[in-house]
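Here are my notes on the model you sent over.

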Amino acid sequence: MSRKVGKIFNQSGVIPYRVNNGKIEILLITTRNFQDWVIPKGDIPNGMSPPDSAAKEAWEEAGVIGQVDVNELGTYKYRKRGKSYRVKMYLLPVEMLSEDYPEASKRKRQWVEVSKAIRWVKFNSLKRILKGFFQVKSQFCAFRCYSDI
């Protein structure tokens with residue numbers, strides 16, 4: 001007897017980050033029910049590239065604008081209400097943070113250091129992506145962030 005394979009819905013999301021006083025910080029947002037800390041992500045509309053969709057979600061859910069790095073950082077999977085999702089992740093260096101954005105009243109947001117972000121997010125596969133991001137960006141930041149001092 002074969003097991004039915006369910007459809008996997010594709011989404012894209014970003015890790016919005018900044019360097020503050022030489023330390024990398026990630027902007028986490030809550031789910032709409034304020035239960036869990038997550039990153040901005042959502043379905044990819046027809047005709048839109050995953051990076052462009054990720055930038056749209058970053059604006060709508062977190063009020064951030066920046067140039068999404070088109071190189072995919074990784075993917076993670078999760079299940080919600082019986083459906084399976086695969087999320088393509090991208091980096092977003094935050095250039096602008098707005099107080100007025102579409103989901104401002106539906107979510108909280110918080111800048112946190114990477115180690116705290118890894119502890120706060122729910123999905124282990126997302127934690128893995130954040131750890132990989134931290135290792136790469138820490139090496140970059142160790143050279144770039146302090147080279148002018």
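**Notes on the pocket and the strands**

1. Let's start with the lining of the largest pocket: by class, it has 12 charged, five nonpolar and four polar residues. Here Asp, Glu, Lys and Arg count as charged, Ala, Val, Leu, Ile, Met, Phe, Trp, Tyr, Cys and Pro as nonpolar, and the others, Gly among them, as polar.

2. Before going further, some ground rules. This is a predicted model, in which local features need pLDDT of at least 70 and side-chain atom pairs count only at pLDDT 80 or more, while totals for chains, interfaces and linings use all residues. Residues are numbered from 1 along each chain as its sequence is written, and side-chain values use heavy atoms, with hydrogens and water left out.

3. Back to the largest pocket, which holds about 640 Å³ of space. (A pocket is an open set of points on a 1 Å grid over the protein atoms alone, where a 1.4 Å probe fits, with protein on both sides within 12 Å along at least five of seven lines; lining residues have an atom within 4 Å of a point. The volume is the space filled by probe spheres set on the points, and grid points are joined across faces, edges and corners.) Of the 21 lining residues, T31, K41, Y78, K80 and R107 lie nearest the centre. At least two lining residues come from each of β4 (41–43), α1 (50–62) and β6 (74–80). Helices (H or I, at least four residues) and strands (E, at least two) are DSSP runs, numbered from the N terminus.

4. Which strands does β1 pair with? Strand β1 (residues 8–20) runs parallel to β7 (residues 83–93), with 10 bridges between them. With β4 the sense is antiparallel, over three bridges, and with β2 (residues 23–30) it is antiparallel over four.

5. In the hairpin of β1 and β2, two residues sit between the strands, and N21 takes a positive phi near 55 degrees. V19 has I24 as its bridge partner in β2.

6. Is M89 buried or exposed? M89, in strand β7, counts as buried because its relative accessibility is 0% (buried is under 20%, exposed over 50%, partly exposed in between, with a 1.4 Å probe and protein chains only). Beyond its neighbours within four places in sequence, M89 has contacts (heavy atoms within 4.5 Å) that include G13, I39, Y76 and L126.

7. S53, in helix α1, is also buried, at 0% relative accessibility. Leaving aside neighbours within four places in sequence, S53 touches S12, G42, D43, I44, P45 and M48.

Note on methods
Pairing = 2+ DSSP bridges.
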